[in-house]
Amino acid sequence: YFDVFSPVDDEIIIDAGAYDGGTAIQFLEWGKGKVRHIYSFEFDPENAGRCEEKLRAHTDKVTLIKKGTWNRDETMHVNTSGNAGSTVRNAGSTEVHLTSIDSVVKDEAVTFIKMDVEGAELKSLMGARNTIIKNHPRLAICVYHKPEDLYEIPGYILSLVPEYKFLLRHYGSSNAETILYAYCE
């Protein structure tokens, strides 16, 4: 997520799909003092515990939200894995809470949204609708979880802000780790 965009002053970052908190730490290092705040979302209870531990020294800059991102507030029962692959599917034994980015950040001037939420990216972008329209944040959205994400996600973003431009980057030799970068000039 760090090789396409340069940090700007007063970065307010959404880290949707925080996993173990490592990406938030990398964002702080990448920002070199320009990061005002990071909102890290993680719904898997085991992963959220890891985040809490890893981010303990950074609570002045990072807020951990122990919920997943979605298009609205909702509670689901899911199977969590305690790794980077926990997915949102309303079937399983663990109760998790989901929320919209808009409801958490309200009027914050969000500058960057990173989203790796294991197939819930489109629903999560729908929950960031107002934030995207108002702030035109730079976006780094994973588009490898579902084949249709390659066209549905850019189409949705353009329906909100037609001025967005896109870059597609693939990292590695597997079918994973394809990131859609979006920005307005």
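## Ground rules

The model is predicted, so local features need pLDDT of at least 70 and side-chain atom pairs count only at pLDDT 80 or more, while totals for chains, interfaces and linings use all residues. Residues are numbered from 1 along each chain as its sequence is written, and side-chain values use heavy atoms, with hydrogens and water left out.

## The chain as a whole

For 185 residues, a compact globule would have a radius of gyration near 16 Å, and the chain agrees with its 15 Å (taken over C-alpha atoms; the globule rule is 2.2 Å times the number of residues to the power 0.38).

Buried residues make up 50% of the 185, where buried means under 20% relative accessible area, exposed over 50% and partly exposed in between, with a 1.4 Å probe and protein chains only. Among contacts (heavy atoms within 4.5 Å) between residues at least 6 apart in sequence, 68% join residues at least 24 apart.

## Helix H6

Helix H6 takes in the twelve residues 149–160; at 1.5 Å a residue it should span 16 Å, and its end C-alpha atoms agree, being 16 Å apart. The expected span is 1.5 Å times one less than the number of residues.

The buried residues of H6 are Asp149, Ile153, Pro154, Tyr156, Ile157 and Leu160. They cover an arc of only 155° around the axis, which puts them on the same side of H6; the arc is that of the directions from the helix axis to the C-beta atoms. On the other side, Tyr151 and Ser159 are exposed. The cover over the buried residues includes helices H4 (121–126) and H5 (129–135), along with strands S8 (138–142), S9 (165–170) and S10 (178–183).

## A three-stranded sheet

An open sheet of three strands runs in the order S4-S6-S5, with mixed pairing. Strands S4 (68–69) and S5 (74–78) stand at the edges with a single partner strand each, so one side of each has no neighbour in the sheet. Two strands pair if DSSP finds at least two bridges between them. S4 and S6 (residues 94–99) pair in the parallel sense over two bridges, and Gly68 has Leu98 in S6 as its bridge partner.

His77 lies in strand S5 and is partly exposed, with a relative accessible area of 35%. His77 and Ser93 are 16 residues apart in sequence and 5.7 Å apart in space, C-alpha to C-alpha.

Note on methods: Helix = DSSP H or I, 4+ residues; strand = E, 2+ residues; numbered from the N terminus.
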